[in-house]
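Subject: Structure handover

Hello,

Here is the structure I promised to pass on.

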Amino acid sequence: MAHADPSLHEHEWRASENMPPLSREDIIGIAVAGVGTAAVILIAVVSAGGEHGNYSAVTIARTLIATGILLINMAHVVGILFFESVDYHGPFQRFIARMSTFGTLGAVVVSLAIGVL
């Protein structure tokens, strides 16, 4: 950015003037939420693609995990953007950003692990 923006903190980045400023933790949380959700959905699709008509418990569990993590991450990304738009940097903002990161990674691991069992 060519000019200094007084509303930005030193550790934040703004993609455009229409977007709220995002910290590194927010950007990582949003990126992991997007990529992790896509990974969990692909795991569920591949699991369902190998079965025709009768789905096993593993496929049903993977589909439920993918649906749940999709809904949770959509809410987390919206929450991150809302918190940043009002310049809130409290414990709930950090909690949502971290849950988006670690919850998604946990869902990917669980979705892969239930296929091994």
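What percentage of the 117 residues of the protein count as buried? The value is 29%. Please keep in mind that this is a predicted model.

**Overall layout**

The protein has 3 helices and 2 strands. Along the sequence they follow the pattern β-β-α-α-α. Consider the contacts between residues at least 6 apart in sequence: 65% of them join residues at least 24 apart.

**How the helices pack**

Start with α1 and α2. Helix α1 covers residues 24-49, and helix α2 covers residues 57-85. They pack at an angle of about 160°, and their axes are 9 Å apart. An angle over 145° counts as roughly antiparallel, so α1 is roughly antiparallel to α2. Their crossing is left-handed. On the α1 side, the residues in contact include Ile-30, Ala-33, Val-40 and Ala-44. On the α2 side, they include Arg-62, Ala-66, Ile-69 and Glu-84. By class, this contact has 14 nonpolar, 5 polar and 3 charged residues.

Next come α2 and α3. Their axes are 9 Å apart, and the packing angle is about 165°. That makes α2 roughly antiparallel to α3. The crossing of α2 with α3 is left-handed. Here the contact has 14 nonpolar, 8 polar and 2 charged residues.

That leaves α1 and α3. Their axes come within 9 Å and cross at roughly 25°. An angle under 35° counts as roughly parallel, so α1 is roughly parallel to α3. α1 passes α3 in a left-handed crossing. From α1, the contact takes in Gly-29, Val-32, Gly-36 and Val-40, among others. From α3, it takes in Ala-97, Thr-104, Ala-107 and Ser-111, among others. By class, the contact of α1 with α3 has 11 nonpolar, 8 polar and 4 charged residues.

**The nonpolar core**

Which residues form the largest nonpolar core? There are 6: Val-40, Ala-44, Ala-66, Ile-69, Ala-107 and Val-108. α1, α2 and α3 (91-116) are the elements that give two or more residues to this core. Take Ala-44 as one of the members. Leaving out residues up to four places away in sequence, Ala-44 touches Arg-62, Thr-63 and Ala-66.

**Four residues to look at**

*Ser-111.* This residue lies in helix α3. Is Ser-111 buried or exposed? Its relative accessible area is 0%, so Ser-111 is buried. Beyond its neighbours within four places in sequence, Ser-111 is in contact with Ile-43, Arg-62 and Ile-65.

*Ile-65.* This one lies in helix α2. Ile-65 has a relative accessible area of 23%, so it counts as partly exposed. Setting aside neighbours within four places in sequence, Ile-65 is in contact with Val-40, Ala-107, Val-110, Ser-111 and Ile-114. Look at the pair Ile-65 and Val-110. They are 45 residues apart in sequence and 8.7 Å apart in space, C-alpha to C-alpha.

*Ala-75.* Helix α2 also holds Ala-75. Ala-75 is partly exposed, with a relative accessible area of 47%. Its C-alpha atom is separated by 9.3 Å from that of Ile-96. Along the chain, Ala-75 and Ile-96 are 21 residues apart.

*Pro-20.* Where does Pro-20 sit? It is in the loop between β1 (12-13) and β2 (22-23). Pro-20 is buried, at a relative accessible area of 14%. The cut-off for buried is under 20%, so 14% falls inside it. Pro-20 is in contact with Trp-13, Leu-81, Glu-84 and Ser-85, leaving aside neighbours within four places in sequence. Pro-20 and Glu-84 are 64 residues apart in sequence. In space their C-alpha atoms are 5.7 Å apart.

**Where to begin**

Then find the core residues Val-40, Ala-44, Ala-66, Ile-69, Ala-107 and Val-108. After that, turn to Pro-20 in the loop between β1 and β2.

Best wishes

Methods. Residues are numbered from 1 along each chain as its sequence is written. This is a predicted model: local features need pLDDT of at least 70, side-chain atom pairs count only at pLDDT 80 or more; totals for chains, interfaces and linings use all residues. Side-chain values use heavy atoms; hydrogens and water are left out. Axes are lines fitted to C-alpha atoms, for helices over the stretch in contact, and angles run from 0 to 180 degrees between N-to-C directions. Helices (H or I, at least four residues) and strands (E, at least two) are DSSP runs, numbered from the N terminus. Angles under 35 degrees count as roughly parallel, over 145 as roughly antiparallel, 65 to 115 as roughly perpendicular and the rest as oblique. A crossing is left-handed if the near helix is turned anticlockwise from the far one by less than a right angle, and right-handed if clockwise. Contact means heavy atoms within 4.5 Å. Ala, Val, Leu, Ile, Met, Phe, Trp, Tyr, Cys and Pro count as nonpolar, Asp, Glu, Lys and Arg as charged, and the others, Gly among them, as polar. A nonpolar core is a set of buried Ala, Val, Leu, Ile, Met, Phe, Trp, Tyr and Cys residues joined through side-chain atoms within 4.5 Å. Buried means under 20% relative accessible area, exposed over 50%, partly exposed in between (1.4 Å probe, protein chains only).
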